[in-house]
Number of protein chains: 2
Amino acid sequence: MMETSTPTIAALQERVEAIFLRHGLSALQAGAVARVIVAGERDACKSHGIYRIEGTLRTVKAGKVNPKAVPMLDLNEGSAIVKVNANGGFANPAFELGVPALAERARKLGLAALVINDCTHFSALWSEVEAVTKEGLAALVMCPSYATVAPTGGIKPLLGTNPFAFGWPRPDGVPYVFDFATSVAARGELELYRRAGKLLPQGWAIDADGEPTNDPQAALAGAMLPFGGHKGSAIGTMIELLAGIMIGDLTSPEVLDYLGTTTLAPMHGELVIAFSPEAFSAGRAGDPFARAEMLFESIIGQGARLPSQRRFAARAKAEADGISLTAAELEHLDRLFEKGLEAIA
Amino acid sequence: MMETSTPTIAALQERVEAIFLRHGLSALQAGAVARVIVAGERDACKSHGIYRIEGTLRTVKAGKVNPKAVPMLDLNEGSAIVKVNANGGFANPAFELGVPALAERARKLGLAALVINDCTHFSALWSEVEAVTKEGLAALVMCPSYATVAPTGGIKPLLGTNPFAFGWPRPDGVPYVFDFATSVAARGELELYRRAGKLLPQGWAIDADGEPTNDPQAALAGAMLPFGGHKGSAIGTMIELLAGIMIGDLTSPEVLDYLGTTTLAPMHGELVIAFSPEAFSAGRAGDPFARAEMLFESIIGQGARLPSQRRFAARAKAEADGISLTAAELEHLDRLFEKGLEAIA
């Protein structure tokens, strides 16, 4: 492999895929998982980049994911719901298998859902949202995670950080995309505060007795809080209901019971809803895509930002100049390739 | 009419309906609008109760709603989208017309949407969510309103207070329901602070120069802020896209342009999405309704509350003892019946 500090996207894909292939993943699983990891690195979204290789391998080693699983598509003809059973593998190949069927169904019916069951999920949802917007469809994606967030007014972890993501296709260039945790902060941020010896901002967490705390250690032993008070708590609960219970898959407390830890990738399901703007707007005045651009102009025109712009800027740079990696990161990739998890221990 | 301080729900319905019938609404419009107003009063949700009669009449008088409109159902066979054109009337009869078709479509396809176009909307969304949960379906409902909220990082009103509501059917009794503005506060709350001569809490609003303000008067001339920072701002934007632009109806800035004021009921569209838990969970282990009850137990069991409980308690009381109204309120209803808007001037 060529040693460079700015590998192309394709070169990094090959390299990450090789690590997974050598350490137990089938070609199907390795390719799809590597694609989302490389997308994270490409977008300078380091928390979802090559840093995730280790967690992926640990989840395989713990026997909590089937690294050679073959996902199965159930077209569920005559309905608006397409289903993919990941068969205990990673969500990513299951998602890739389901998207064309989801897009076709949404174009036909105007509205359709993709349900992924029995998958191990760890990638950011924006990559999935973007795959649907590439089909000219709007997308709403959500999934539970592990019980680490107390409902507003409560004292114990119950909800997950339950990401909620949405995308709208834009004719020229990148889509409108947001993707956020329904907790105030991601769990990884608490860990970063702990390592840095810094106090948490007000309102992020409670301790094991349910009392507000600024101490990251106490927060990790307690619970995080939902964003936006009771409103975020309600959305987090909705995600447990729709993307856990309704689709017959695990809720965040059940995921934590199953794994016994928050250090492995969560096993659960996922719900993707796709909307055809053409179908919804049929017979009405105005082109929805052109009108959406006017709305975005009004947002930008008053000095506000559209979400995901930092990622898109990083992406443009990576596409032009390659992905910037430090020598230490490249060496780490080499060690992961050679030794797998032993590279870390 | 019988003078009592606790009319039954049916008696208040008759009374409110009579006001609307006498002051220009057709029977179809009067009945449906009165039902949501009485539901608000029944649930002690005063901001959506008989207080709304005046605004309804004002919107009629201003010629911004057709008080005798006949909504038209477009079954849109072969798709997952049922449409109702309110034909410039109130949303409520259009919604009532669309719900049975929405429920049938959702049961058939697993997932379906009801689009209401060209309607004047002023009722809380919870009453609509509950109508869908009565059909055994989960529901997600949203609509734009008027441009009164600045996007995070912005300085001018652009988004509406854009309500976002969700419901999950519960086998025994009232559903799980939330319904909230995606702004920190409702616009009416700013007005209440102004009248009381009180300062606004931090983070509610900005003034006309885009600077944070605690002064309700300055806030009313400036803009409200979204709940939960950039996350709430993103959800508010999503609602403009899905329930305004995508369905070929007005966005919040367009509504404000059309009305020229925030004192009349907004004219726009509305999006209702219905999910069949049976269809989504088919072939999976566990009954989704029973599992949801376990989740609710876990929330309540740690001292947190489910949303809407205050409303449901008031409802139970109203169903048993009638709706409690002051003598002044009853007199006001009489005057509204006799004189319409002149009762206010």
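Reply: Setting aside neighbours within four places in sequence, Arg311(B) is in contact (heavy atoms within 4.5 Å) with Asp43(B), Cys45(B), Trp126(B), Glu130(B) and Val177(B). The model is a predicted one, in which local features need pLDDT of at least 70 and side-chain atom pairs count only at pLDDT 80 or more, while totals for chains, interfaces and linings use all residues. Residues are numbered from 1 along each chain as its sequence is written, chains are lettered from A and ligands numbered from 1 in the order in which they are written, and side-chain values use heavy atoms, with hydrogens and water left out.

Arg311(B) belongs to helix 12 (residues 309–321) of chain B; helices are DSSP runs of H or I with at least four residues, strands are runs of E with at least two, and both are numbered from the N terminus. With a relative accessible area of 9%, Arg311(B) is buried, a class that means under 20% relative accessible area, against over 50% for exposed and partly exposed in between (1.4 Å probe, protein chains only). The side chain of Arg311(B) makes a polar contact of 3.0 Å with that of Glu130(B). A polar contact is a pair of N or O atoms within 3.5 Å; within protein, one must be able to donate a hydrogen and the other to accept it, and residues adjacent in sequence count only if both atoms are side-chain atoms.

Glu130(B) also meets Arg315(B), in a salt bridge of 2.8 Å from N to O; the term requires a side-chain nitrogen of Lys or Arg within 4 Å of a carboxyl oxygen of Asp or Glu. Since Arg315(B) lies in helix 12 and Glu130(B) in helix 5 (residues 126–133) of chain B, this pair ties together parts that are 185 residues apart in sequence. Both Arg315(B) and Glu130(B) are buried, the relative accessible area of Arg315(B) being 10%.

Arg315(B) has a further salt bridge with Asp43(B), whose closest N and O atoms are 2.7 Å apart. Asp43(B) sits in the loop between helix 2 (27–42) and helix 3 (52–61) of chain B and Arg315(B) in helix 12, so this pair ties together parts that are 272 residues apart in sequence. Asp43(B) is buried too, at a relative accessible area of 2%.

In chain A, a network of salt bridges links Arg42(A), Asp43(A), Glu130(A), Arg311(A) and Arg315(A). Elsewhere in that chain, Arg195(A) and Glu191(A) form a salt bridge of 3.1 Å, N to O. These two residues are 4 residues apart in helix 6 (residues 187–196) of chain A, and are therefore separated by about one helical turn. Arg195(A) is exposed, at 64% relative accessibility. Over all chains, the whole structure has 40 salt bridges.

Of the salt bridges, 6 run between chain A and chain B. One of them joins Asp118(A) to Arg284(B), with the closest N and O atoms 2.8 Å apart. In total, 74 residues of chain A are in contact with 74 residues of chain B. Because 100% of the interface residues of chain A are also interface residues in chain B, the copies meet through the same surface.
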